Amino acid sequence: MPETFEATFAALRAIMLGQAGGMAVTQDAPGHLVLKTPWNEPGKKEPAWFGMVQIKKAYASYHLMPLYAQPALLDGTSPELRKRMQGKSCFNFKKVEDDLFTELATLTRRCAEAYAEPVGRRGVECKLR
């Protein structure tokens with residue numbers, strides 16, 4: 001693993017763990033972190049995915065599944081952070097970027113608040129399936 005990606009992973013891991021209060025760590029290994037919700041996904045017998053941080057070949061990736069289910073959580077996100085997006089719920093970074101990581105921490109906290117209760121309990125429209 002490239003050393004720069006390890007430092008980037010470590011910073012992203014700290015954001016995920018620090019801002020996703022109430023979520024359960026289901027995997028925490030070098031280069032790979034997975035968090036799931038404390039509630040089961042509607043219609044399934046296991047917790048819903050919340051987020052993941054992992055080292056890939058060319059970058060460290062940061063996944064926030066609430067963004068897929070509730071795209072409005074991205075409202076107000078800067079164009080700079082949106083440039084890091086791949087797909088609907090993943091951000092890729094090659095190095096630590098303090099300003100973007102601060103914004104990502106705020107976004108992660110917003111996602112954790114949205115997923116504090118089972119999706120649908122608050123009347124929030126959601127596309128989990």
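Contact here means heavy atoms within 4.5 Å. The structure is a predicted model.

Helix 4 comprises 17 residues, 98-114. Buried residues in helix 4 are L100, F101, L104, A105, L107, T108, C111, A112 and A114.

**Strand pairing and hairpins**

Strands of a sheet pair through backbone hydrogen bonds, either parallel or antiparallel. Strand 1 (residues 24-29) and strand 2 (residues 32-40) run antiparallel and are joined by 5 bridges. Within this pair, A24 stands opposite K36 of strand 2, and D28 has L33 of strand 2 as its bridge partner. The hairpin of strand 1 and strand 2 has 2 residues between the strands, and G31 takes a positive phi near 80° there.

Strand 2 also pairs with strand 3 (residues 47-55), in the antiparallel sense and over 6 bridges. L35 has G51 in strand 3 as its bridge partner. The hairpin of strand 2 and strand 3 has 6 residues between the strands, and here G43 takes a positive phi near 80°.

Which residues does T8 contact, leaving aside its neighbours within four places in sequence? T8 is found in helix 1 (residues 3-19). Its contacts beyond those neighbours are A60, F93, K94, K95, V96 and F101. F101 is also among the buried residues of helix 4. T8 itself counts as buried because its relative accessibility is 1%, and the cut-off for this class is under 20%.

L74 lies in the loop between helix 2 (66-69) and helix 3 (79-82). At 8% relative accessibility, L74 likewise counts as buried. Leaving aside neighbours within four places in sequence, L74 is in contact with L67, R82, M85, F91 and L107. L74 and L107 are 33 residues apart along the chain, and their C-alpha atoms are separated by 7.6 Å. L107 is another of the buried residues of helix 4.

**Salt bridges**

Side chains of opposite charge can pair when their charged atoms come close. A search of the whole structure finds 3 salt bridges, listed below.

| Side-chain pair | N to O distance |
|---|---|
| R13 and D28 | 2.6 Å |
| E41 and K44 | 3.9 Å |
| E97 and R84 | 2.5 Å |

The side chains of R13 and D28 meet in a salt bridge. This pair links distant parts of the chain, with R13 in helix 1 and D28 in strand 1, 15 residues apart. R13 counts as partly exposed because its relative accessibility is 26%, and D28, at 42%, counts as partly exposed as well. D28 is also the residue whose bridge partner in strand 2 is L33.

The side chains of E97 and R84 likewise meet in a salt bridge. This pair too links distant parts of the chain: E97 is in the loop between strand 6 and helix 4, and R84 is in the loop between helix 3 and strand 5, 13 residues apart. Is E97 buried or exposed? With a relative accessible area of 17%, E97 is buried, whereas R84, with 26%, is partly exposed.

In the remaining pair, E41 meets K44. E41 counts as buried because its relative accessibility is 13%.

Terms used
Residues numbered from 1 in each chain as written. Predicted model: local features only at pLDDT ≥ 70, side-chain atom pairs only at ≥ 80, totals over all residues. Heavy atoms only, no water. Pairing = 2+ DSSP bridges. Helix = DSSP H or I, 4+ residues; strand = E, 2+ residues; numbered from the N terminus. Buried < 20%, exposed > 50% of the residue type's maximum accessible area, 1.4 Å probe, protein only. Expected span 1.5 Å × (residues − 1). Salt bridge = Lys/Arg side-chain N within 4 Å of Asp/Glu carboxyl O.
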